[in-house]
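Morning, everyone. Please look at the model on the screen while I talk. I will start with a term, then walk through the structure.

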Amino acid sequence: MTSDQMISTYFETGTLPDLPRDHFIDGAFVAADSGNRMESFDAGTGEAFSDFAAGTAVDVDRAVTSAAEGFEVWRNTPPARRCAILNEAARLMRAEADRLAVVESLDSGKTLAEAQGDVAGSARLFEYYAGAADKLDGRSVNLGNGNAAFTLREPVGLTAHIVPWNYPTSTLVRGIAPALAAGCSAVVKPAETTPFTALMIAELLLRAGVPAGVVNVVTGTGIEAGAPLVTDPRVRHVTFTGSVATGVGVMQNVAPNVTGLTLELGGKSPLIAFADADPEAVADGAFWAIFSNSGQICSAGSRLVIHKDLHAEVMDLLVRKAQALRFGHGLRNPDMGAVNSERHLEQIAGHVERARARGVEIATGGNVATDPETGKGWFFEPTILNDLAASDEAVTQEIFGPVLAVQTFADENEALALANGTDFALAAGIYTKDMSTALRMAQRVDAGQVTVNDYWAGGIELPFGGNRKSGFGREKGLEGLDAYTRSKSITLAV
Ligand code: NAD
């Protein structure tokens, strides 16, 4: 079926045929041990469209046992073969991109175009790490005559991947692609509101040639399925992407097993605009930095930190753009889709209501909304909160929705203090025509990634991750392999 046929089928029937609805363990779909199921909701209508297995510790134990056996097979698969299999996964992902993107859009609420971008980027991730699979060499070390010494770069073992709902496909693949390239096996726990593409990708990997047991998926809640997975002592590395509070809990829970950990947490990233920047470019950059994916991006440019001389002109442009933005059901491909869940919508609304009560100026938006075509669904108007103090809750806390916080500055030092003035340190954008200013700021701002004059510049080839409460460890790029490999030194007396 083409995308259009799938979308018509969905709007006619309220569901999609052939969705995978059970765990994927040892190369097959298997029902939950408890028989319990959870409903999956279309955020664009607020209505359930399918259900899936609610996993518990019993299912997790099965999946981990399968992945422990899978690891022995996969670590002994020649690197060149792993490379060929991951390239085949990229090819299959492109061949099946239409279906993956429709399911991703429906499950998450994001626009079809955004979901298509995520799937295309994920195919690139498989291809990129396929190229690394047969190049994970150690080095020889010179200890002088009488000894020969070298290092091996070994896979760390069985890995667990805890995935959030905002980028179900790309967050999953940026973890499992390097893990597989390195020779690790994986058990994945997708978010409870977005389980389907993880199941589809696990099955696709089996068809690409990944042996049964190497990639397993257990669906369900964080407490029932996520917690037993990360605390299983057979797991040697946990890659967690999600909120700070849950990440801190995972860190505490894995400590007794001394399990390796990558934490990709939240953000409150600034887009810093200097007085000499092009106002149109700043407005356009700031607009997409916050309203892409309905603002549900860890690295969203959720703060505009702008020179006071540019402030009025850019605000005028931004407000007009926000008021012209079309939001609606993701599968109708508007500019902005739905918010992922009713619970999350309430959290966004709570942030804005508290700001309103504090007397914050709401330059545009500020309200819960529905799809203008159907009057249904979970939407929030594109919202801009103006002229905020550095201590304001809307500046210091992650809202994770289409809500931009605007702060003004008078000079570079003040800009830097504001930019670095939250507990987060994930990303930063700098807009200026002066490359000395840009480079000086890029060096001084605390962030894992900095872009200049294009907020979303970059690609899967660049390492990505945060500092301070945004987490630690790097994914993507060649650095993305580090969490999944470890060095072993071998010395021979000769
Ligand atoms: P969340 O922390 O509520 O959930 C994330 C995942 O953790 C889900 O799969 C959930 O089921 C699981 N989980 C919950 N409790 C668990 C437990 N006790 N043990 C193990 N797993 C558990 O986060 P969310 O609300 O789904 O995602 C939004 C957050 O994720 C935001 O804060 C956002 O900034 C962050 N995020 C960060 C990045 C990044 O790369 N830095 C990317 C995307 C999202």
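First, the term cavity. A pocket is an open set with protein on both sides within 12 Å along at least five of seven lines. Lining residues have an atom within 4 Å of a point. Grid points are joined across faces, edges and corners, and a volume is the space filled by probe spheres set on the points.

Some ground rules. This is a predicted model, where local features need pLDDT of at least 70, side-chain atom pairs count only at pLDDT 80 or more, and totals for chains, interfaces and linings use all residues. Residues are numbered from 1 along each chain as its sequence is written, and side-chain values use heavy atoms, with hydrogens and water left out.

Now, how many cavities of 30 Å³ or more are there? The count is 5. The largest cavity has a volume of about 70 Å³. It is lined by 13 residues, and Gly295, Ala300, Ser302, Glu398 and Phe400 are the closest to its centre. Its lining has 7 nonpolar, 4 polar and 2 charged residues. Here Ala, Val, Leu, Ile, Met, Phe, Trp, Tyr, Cys and Pro count as nonpolar, Asp, Glu, Lys and Arg as charged, and the others, Gly among them, as polar.

Next, a pocket. Nearest its centre, among 13 lining residues, lie Pro79, Arg82, Arg153, Glu154 and Pro155. Helix H3 (79-95) and strand E6 (147-155) each give at least two lining residues. Helices (H or I, at least four residues) and strands (E, at least two) are DSSP runs, numbered from the N terminus. E6 provides the largest share, 4 residues. By class, this lining has 6 nonpolar, no polar and 7 charged residues.

On to helix pairs. Axes are lines fitted to C-alpha atoms, for helices over the stretch in contact, and angles run from 0 to 180 degrees between N-to-C directions. Angles under 35 degrees count as roughly parallel, over 145 as roughly antiparallel, 65 to 115 as roughly perpendicular and the rest as oblique.

Take H4 (residues 97-108) and H7 (residues 196-208). Their axes come within 9 Å and cross at roughly 155 degrees. So the two helices, H4 and H7, are roughly antiparallel. Their contact has 6 nonpolar, 1 polar and 3 charged residues.

Then H5 (residues 112-133) and H6 (residues 168-182). These axes also come within 9 Å, but cross at roughly 10 degrees. That makes H5 roughly parallel to H6.

Last, domains. Domain 1 is 3-265 + 471-490, and domain 2 is 270-459; such bounds come from an automatic or database domain assignment. Their C-alpha centres lie 30 Å apart.

Notes:
1 Å grid on protein atoms, 1.4 Å probe; cavity = no way out; pocket = protein on both sides within 12 Å on 5 of 7 lines; lining within 4 Å.
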